[in-house]
Amino acid sequence: MSAPESPAPGGVNLSRWSINHRALVLFFMILIGVAGFRSYFALGRNEDPPFTVKTMVVQAMLPGASVEETAHLLTDPIEKKLQETPYFDYVKSYTVAGKTTILLNLQSGTPKAKVPDIWYQVRKKVGDLKVFLPSTTAGPFFNDEFGDTFGIIYAFTAQGFSHRDLRDYVETVRDELLHVPDVAKIETLGAQDEKIYVDLSSHHLARLGINSAVIASSLLAQNVLMPSGTLDTGTEQIRIQPTGQFNSVQDIENVTVYARNRKIRLGDIATVTRSYSDPPQTMFRVNGQDAIGLAISMSSGGNVLAMEKNISATMTKLHARMPVGIEAHLVANQPKVVKDAVGDFTEALFEAIAIVLGISFLSLGGRAGTVVAFCIPFVLAVVFTCMEIFGIDLQRVSLGALIIALGLLVDDAMITVESMVSKLEEGWTRARAATFAYTSTAFPMLTGTLVTIAGFVPVGFAHSIAGEYTFSLFAVVGIALVVSWFVAVLVAPLIGITILREHPEATTGTATPRPPGRILTTFRRFLLLSMHHPRVTVFTSLGALAVALLLLPLVPKQFFPASDRPELLVNLSLRQGSSITATADVSRKLDALLRNDPDIDHWSSYVGRGAIRFYLSIDEQLPNDFFTQTVIVAKDAAARERVRHRLDEALSRQFPDIVHGLFALELGPPVGWPVQYRISGRDPDRVRDYAQQVARIMDDSHNLRLINFDWGDPARKLRIDVRQEDARRLGLSSSAIALAINSTVTGMTVTQLRDSIYLVDVVLRASRDERLSIEQLRNLDIRLPNDLTVPLSSVATVSYVEDYPLIWRRDRLPTMTVQAQLQNNIQPDAAVSALASRMTAFNASLPPGYHLAVGGTVEESAKSQGSVVAVMPVMLLIMMAVLMIQLQSFKRLALVLSVAPFGLIGVVASLLISQHPMGFIAMLGLVALVGMIIRNSVILVHQIEIEQQAGKSEWDAVVDAAMIRFRPIMLTAVAAILGMLPIASSVFWGPMSSWVAWPLPRS
């Protein structure tokens, strides 16, 4: 006779309730199945999970100020005010003459729901500061959409059309695309503003006695836009609008200038031309051709695939009426990448499902396997529904989490089915066996489920950008495990009583017990061997753990791996102070290197700025005339690496004076140069000297190459030393001299020609010879208050000096970053560790007020790992609380927890053998593995208690419990291992699949 049925915990038996309410449960099963099917197709699709870019850009301008004056008068007071921001982390800025650009960075753990309100507070605080800034300050201006992603980029090229004609057509396309659903905004790339330049000779004007200010006032007076009134006739209102405003270059040439009682036509004393901005604005090219681009951003909550479909349909219609000679090129198509990536991962998910289903049938048999197999899609249906409710898209992390969860969620169903089958073989009825499965296993299964979920708590509650990036791993696995428990106690028994067979012959004693298989017999032999030699077993295990701890430093460390997408970013930095024209020339030479390369599909070039954020994790570069970035799209990831190798050699050989960086797209938070050291201090010159010493230390390393600085190149500057005594004697002020020089060299915008949707600046400037000649500048005629003129050399000395064209600051101190690339397949952590002793000694030798800090990948990795470690005490507390409720014994609690560290043996072995680095994802997996190991341990301990309650000795209880739990544990481990095979080759999930394949079965 079998043991009597024990009462259900708390008197409630969910399995019995499910059996007694079959119709109701079946109705909800069908309802949830349909809802899950619908949710799967309704879920959003993304390549990677979104995360909030907690950076705001603040800009302000002070025309005429030097770099030092701009830093003192603009940068410093704005940075001080920004330090009052809630969740402030650090402020970073770069200052050029007359302009400051400040990047406010919030703490990585800032709740994303609070970020918009924080940006609003920043606008108010800095706006209140404006009255304390110099009166001629323009701004501050704010960009709190720095993290917006423009996933679709079209480039338009033209043959036989002017740039203005092409721009007109692109604006028409832009207007059409703004009507497409889910399109939030569209940025125009590479458009050059038109200008009307009035070139004058200062010497000629001096001979005629004409002041440039008179010309400016004449232009402004004729072109002013002023109301002329409204005539009210009593029955209607008639608006009065006089003509005479500028409509063409000829109108400007015909302006009359009065000088010495003479009327002079402007076109007779000046050359008036309509052209484009000189020097050019930021430029955009595709495949070496000048282009205008449209970068399209999706609205929040939009469907990226639906938006791409609608945009394609609109572009097809527009293409049909596109003028011959204008071509549209799709240079970035994130929706297609999303579709392919989600398709690949979905395929991997269904492969994993098929593998787990196959394992269930092969290991449990047809009927029992069918029960488990039915539970898997039902759990997934509930998970898909919950993902839609909580706004979790199908993307790299959530789909990977589903694959990981597959191997875990079958455990509860297997335990229930195993319990039912064992009792059916003893002659129990199906209903009684189903309810017994609940009374004997439900609570320990729930404990194991909660403990496993607790292992993922550091993933879900890590206060960092990396934690936000991987949050869906915790959410999806947690939902799947909780649902799997309810399915195991509600659905599995209901299916089991329908499918599983009873064995009435067992009650008569005629049934033949099922003999253990070969695997189980072998396991029993090793189990008894280890139990007969406990000291050898314990010391061998401890020795293996000690070896694993000793070998752990040999495991390479990594933050996030590079993406396997085919894009390659090529950064070229000329000497700071270089013109955008020189930068464009270098970019065109790069185009020549890329042309006809069989491994390249296409490329796009951004001159004077970095690429727009077409991918969330891109390290976006701000505008600078000396910088250009080219986005190369190779045929595939292997082709990308071949292109990288060839370009690296070519750029080093052909452009030795240009800093070049070749970067694949990153996964996780963007970092940029992998190895970075920051030197901060008060004096920029001393900071530069110390940075060069750091560079020499780095240069001694065989692991680093392409060592460079983010600033510090002195540039030539023309210094105008005004002799104030001579100037005052002639009635001149410094401002009058500066205005005259600026009007000559740069030009002065005096009015605007209104042309359709464009405003065309009318700029007065000196002729080309006078603008570009130093001698001409020395002889520049400066008008005196009595309308006479004197050369500039009579009141000032013109000379060349060297100065920093820009200065980077961090936390209000000039900060220079020394950055480098890696070589010899070394990881950043290893390269930095090799230099740690020398860098520590160097930092200790710095005078007070100066310090060295590690940046780059190592810094970001430390922040992210620290956020995980900070939550681990909470994880352990939850685990111990759940275990204590189940075990109610300190001895058993210590026993269960003591086995968790031994999983490290398999982790270290797997990572060393596979040569996968210990990255952020692998570390999360290691933490989660603790919960999985403890789950198996607590259910085993519970089984031992059941065997002891049946009257068995402690020895027999341990042996029999281990034999009973061996098959479910091994089946779960095998399901987890084989279920991870479809993503084992993934650059993102590969390290985690390694630790699953080794430590889990060993646990």
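Visitor: At what angle do helix 20 and helix 21 pack?
Guide: In this predicted model, helix 20 (residues 580-594) packs with helix 21 (residues 637-654) at an angle of about 140°, and their axes are 12 Å apart. Helix 20 is therefore oblique to helix 21, since angles count as roughly antiparallel over 145 degrees.

Visitor: Is that crossing left-handed or right-handed?
Guide: The crossing of helix 20 and helix 21 is right-handed.

Visitor: Which residues meet there?
Guide: From helix 20, the residues are L590, L593 and L594; from helix 21, they are L647, A650, L651 and Q654. By class, this contact of helix 20 with helix 21 has 6 nonpolar residues, 1 polar residue and no charged ones.

Visitor: Now the core. How many residues does the largest nonpolar core have?
Guide: The largest nonpolar core has 202 residues, and I153, F614 and M698 have the most contacts inside it. Another core, of 25 residues, lies apart from it; I215, I252, V255 and V272 are among its members.

Visitor: What is F614 in contact with?
Guide: Leaving aside neighbours within four places in sequence, F614 is in contact with T149, F150, G151, I153, A332, Q334, R565, E567, L569, V631 and L665.

Visitor: Another topic: where is K81?
Guide: K81 is placed in helix 3 (residues 67-82). Its relative accessibility is 23%, so K81 counts as partly exposed.

Visitor: And which residues is K81 in contact with?
Guide: Beyond its neighbours within four places in sequence, K81 is in contact with K125, V126 and L129.

Visitor: How many residues apart in sequence are K81 and P791?
Guide: They are 710 residues apart in sequence, and 45 Å apart in space, C-alpha to C-alpha.

How values were computed
Residues are numbered from 1 along each chain as its sequence is written. This is a predicted model: local features need pLDDT of at least 70, side-chain atom pairs count only at pLDDT 80 or more; totals for chains, interfaces and linings use all residues. Side-chain values use heavy atoms; hydrogens and water are left out. A nonpolar core is a set of buried Ala, Val, Leu, Ile, Met, Phe, Trp, Tyr and Cys residues joined through side-chain atoms within 4.5 Å. Buried means under 20% relative accessible area, exposed over 50%, partly exposed in between (1.4 Å probe, protein chains only). Contact means heavy atoms within 4.5 Å. Axes are lines fitted to C-alpha atoms, for helices over the stretch in contact, and angles run from 0 to 180 degrees between N-to-C directions. Helices (H or I, at least four residues) and strands (E, at least two) are DSSP runs, numbered from the N terminus. Angles under 35 degrees count as roughly parallel, over 145 as roughly antiparallel, 65 to 115 as roughly perpendicular and the rest as oblique. A crossing is left-handed if the near helix is turned anticlockwise from the far one by less than a right angle, and right-handed if clockwise. Ala, Val, Leu, Ile, Met, Phe, Trp, Tyr, Cys and Pro count as nonpolar, Asp, Glu, Lys and Arg as charged, and the others, Gly among them, as polar.
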